[in-house]
Amino acid sequence: MACTRQSAVEYVRNARVHLVRALNNLNVIVENLYQQRVLTGEEVSKIKTERDDYDKRKLVDSLINKGNKACYEFLKILHVMRKSTSGRSPHLQRRNETSEFDQYDWASCFFLEEDTQKDAQYLQGLKPCYTYQKKLKSQAQDKSNEFWKKSQNLFQGNKKPDLSYTPLVLEHGQESDSPSKIKKLKRKKSKMPRRKKLKTYIPEEKSDLSLSDLLKMDKNILLVGKPGIGKTALVHELLRLWAERASSELDYIFYFDMRDTSQIMAAKSWEDLCGFCERDEDIKEVIQDIQRYSDNVTFIFDGATDLSSLPVVEKLIKKQMLPFAKVIITCRPEDEDEEFFPEDFDRVEVKGFSEHTIKTYLSATLGEEQKILGNLELFSFCHVPMYAFMVAVCFFSQESPQPCTVTETYINVVRYCLQINSGTKLKDLNTLIFNKSKDILSLAEVSYKATQKKTVNLDKVKCEDRCVLSFLKLLFIEVAPTEVTAECTFLHYTVQEFFAAVWLLKNPDEIREVFQQCLTVEKKHLKHLIPFMCRLVNEKQPSLMEHLIPVTDLKNISRWFFKELIDTFLCQKDVSDCEDSGPSLDLLFLCQCLYESQHPEACIYLLNKLNYNLDLSGEDLDLFPTCAVAYVVKQSKERKIFLNLEDANISEHGMRQLFGCLINVQWCDPLPRQLWKIFLLSKGEINFAILLDLGENQMHLPVEGERRLFERAVEVIEKMTRNVGVCLYWDRQTSDCRTLCFSLLEALPSISSLRA
């Protein structure tokens with residue numbers, strides 16, 4: 001052990017015998033000494049001319065002769081190399097066992113000043129190794145950029161959003177629940193009210209594990225998650241972080257997409273796996289560095305299924321090759337083989353987006369995440385990153401102010417998932433759907449049966465096609481020592497409803513009965529299948545049903561479908577007016593069905609049945625419901641509609657949609673005062689000039705309720721560039737009425753007329 005009172009040259013001189021005998025990693029040491037200008041090029045050339053002990057002796061003697069500064073730099077280099085090459089403790093232990101003298105421990109016993117900035121300048125390996133690492137990082141950066149670019153290309157228009165990694169909920173070391181607990185949780189979810197059930201799909205925010213933590217973890221990592229939950233995006237972000245890290249640390253990360261196993265299947269060694277075909281001197285030095293310091297190597301196998309059929313991968317996992325290399329594997333829950341993976345694997349479950357990250361993602365891609373916030377079905381649907389991506393693609397538009405229909409989004413999600421999980425080109429996707437129609441309809445059948453029972457558990461899934469099963473979460477549960485059973489559920493309940501709607505269109509004789517069942521308390525949950533059917537039955541793009549059932553069958557269904565739907569639900573209104581016979585008429589629901597259908601003739605049929613009277617009093621009109629109402633109203637080209645919005649709540653986005661259809665509405669009491677009350681009490685930015693134009697420059701105010709209504713009216717009147725007429729409404733005169741009316745005197749110079 002050294003004494004800190006020794007000088008650096010004395011410290012090196014006293015260890016000369018050991019250094020001459022056991023000094024290793026000489027090429028890296030000499031390269032660092034040259035970089036730090038301790039040795040000249042000529043001196044390096046002389047030292048490298050021999051390959052025996054004299055080479056080491058000459059180097060050590062040269063440093064001693066150069067004095068204290070050169071020896072101190074030598075010790076510093078060894079100290080930094082110790083920190084960078086010690087790696088995991090087993091590797092360090094192995095090195096210690098092979099030699100009594102450890103040059104790194106010896107150097108670290110000397111008192112050395114810490115200088116983080118300068119330490120980063122020291123090389124940890126030979127130049128060919130750094131050159132190869134730079135090449136790997138460039139490839140990693142290209143893979144990451146290509147991954148996001150490919151997704152970005154699906155967005156229409158010139159101004160596409162910048163896509164990047166959005167943090168996922170990661171759960172470390174979670175053990176599988178028992179079969180009884182899983183069944184209990186699923187039964188509980190099935191009995192929940194719809195809104196509460198949908199919220200359970202969104203995982204809670206976790207802050208105990210980050211991406212940097214995954215890179216720092218010594219143990220191998222198994223990233224487990226449902227299809228589309230973000231596993232691939234996560235490992236691409238790991239690659240990007242590593243590629244962009246500014247550090248002299250010499251490490252290597254190799255990424256393999258397990259969906260393309262041709263290179264992996266052909267590999268007979270880890271060198272073949274990594275593509276070391278040409279064995280020139282530089283590559284040999286890289287191979288030697290990887291073999292010697294395998295604890296600085298990471299292999300990522302993304303999308304693993306049956307690893308036992310890949311001998312080289314299996315040997316890496318079981319430490320029969322590069323025993324200290326780190327392995328990161330991503331897989332679905334059904335591909336997790338507990339017997340295959342050793343105990344040194346840390347299990348991390350990828351759970352998707354939290355509520356906060358859903359908002360962050362939608363805000364980054366759409367700019368105004370409120371478009372989705374008002375629809376809980378779509379919002380919770382977005383906890384699956386792949387689904388969130390397609391929602392963003394569908395709602396991203398620079399031209400149309402009207403959002404696409406919900407069913408159109410689901411059709412795109414289904415098509416995209418089939419394409420991604422099959423590796424099919426877009427031009428061949430329709431053919432793929434046709435070829436897999438039997439499996440898709442089989443899945444649709446079990447979806448319908450489960451929905452009828454109001455359960456999320458799918459019973460007896462016969463489909464074995466991995467591409468079609470990508471919509472499901474499969475969990476294999478041991479029910480006996482020699483038997484396992486598969487529990488299947490959709491990643492989101494609304495996808496189950498979507499497939500159930502597909503089955504109904506394949507079996508149209510069941511549709512009328514479902515319409516009737518929707519009117520009962522016990523089966524009212526089936527009504528959520530109807531909007532999906534309304535869109536699926538038409539022939540608009542994107543297509544789906546025409547590849548599953550004959551087009552002539554779809555046309556036959558559409559001839560009676562909408563008339564039957566409207567008559568059934570309006571008949572319910574007539575019955576409920578006379579007696580308490582179940583759920584009352586949901587006119588807003590019918591409007592949403594017709595909006596999904598984009599069927600103008602069906603809208604006119606509904607309006608005729610209602611005598612062009614839309615009573616939406618007391619309704620909550622967010623973006624999607626208001627879009628539906630506006631669509632129905634706009635179809636009435638020849639006759640004005642009477643619209644009742646008494647006590648309705650309309651969101652800011654809803655108001656924008658409503659403005660576009662008011663030209664088709666009768667502008668007569670009570671609608672003007674209803675709209676002025678709603679809009680004046682709104683916190684959003686409203687174009688009041690449109691309302692004034694519709695009402696012959698008149699503001700209509702009810703003389704009752706909140707003082708804020710009249711205060712806001714004064715603000716609006718004073719901001720207008722023209723004088724405004726005011727029309728007041730009251731049922732009886734009170735002192736409050738007089739007080740409210742007097743408040744208008746502030747804006748009197750801007751009021752052209754005042755009448756009651």
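User: What makes the lining of the largest cavity six nonpolar, two polar and four charged?

Analyst: This is a predicted model. Take the residues that line the largest cavity and sort them. Ile411, Leu536, Pro542, Leu544, Met545 and Leu554 line it, and Leu, Ile, Met and Pro count as nonpolar. Arg535, Glu539, Lys540 and Glu546 line it too; Glu, Lys and Arg count as charged. Asn538 and Ser543 complete the lining. They fall among the others, so they are polar. That gives six nonpolar, two polar and four charged.

User: Which residues of helix 31 are called buried, and why?

Analyst: Ala602, Cys603, Leu606 and Leu607 are buried in helix 31, residues 600–609. The word applies because each has under 20% relative accessible area.

User: Why do we say that the buried residues line one face of helix 31?

Analyst: Look down the axis of helix 31. Its buried residues fall within an arc of 140°, so they line one face. Just after helix 31, Asn611 takes a positive phi of about 55°.

User: What is the predictor's confidence in the chain?

Analyst: The mean pLDDT is 84, and 88% of the residues reach 70 or more. Over residues 87–98, pLDDT stays under 50. There the model has 22 contacts beyond four places in sequence. Residues 575–583 also stay under 50, with nine such contacts.

Definitions and conventions:
Residues numbered from 1 in each chain as written. Predicted model: local features only at pLDDT ≥ 70, side-chain atom pairs only at ≥ 80, totals over all residues. Heavy atoms only, no water. 1 Å grid on protein atoms, 1.4 Å probe; cavity = no way out; pocket = protein on both sides within 12 Å on 5 of 7 lines; lining within 4 Å. Buried < 20%, exposed > 50% of the residue type's maximum accessible area, 1.4 Å probe, protein only. Helix = DSSP H or I, 4+ residues; strand = E, 2+ residues; numbered from the N terminus. Arc of directions from axis to C-beta. pLDDT = per-residue confidence, 0-100. Contact = heavy atoms within 4.5 Å.
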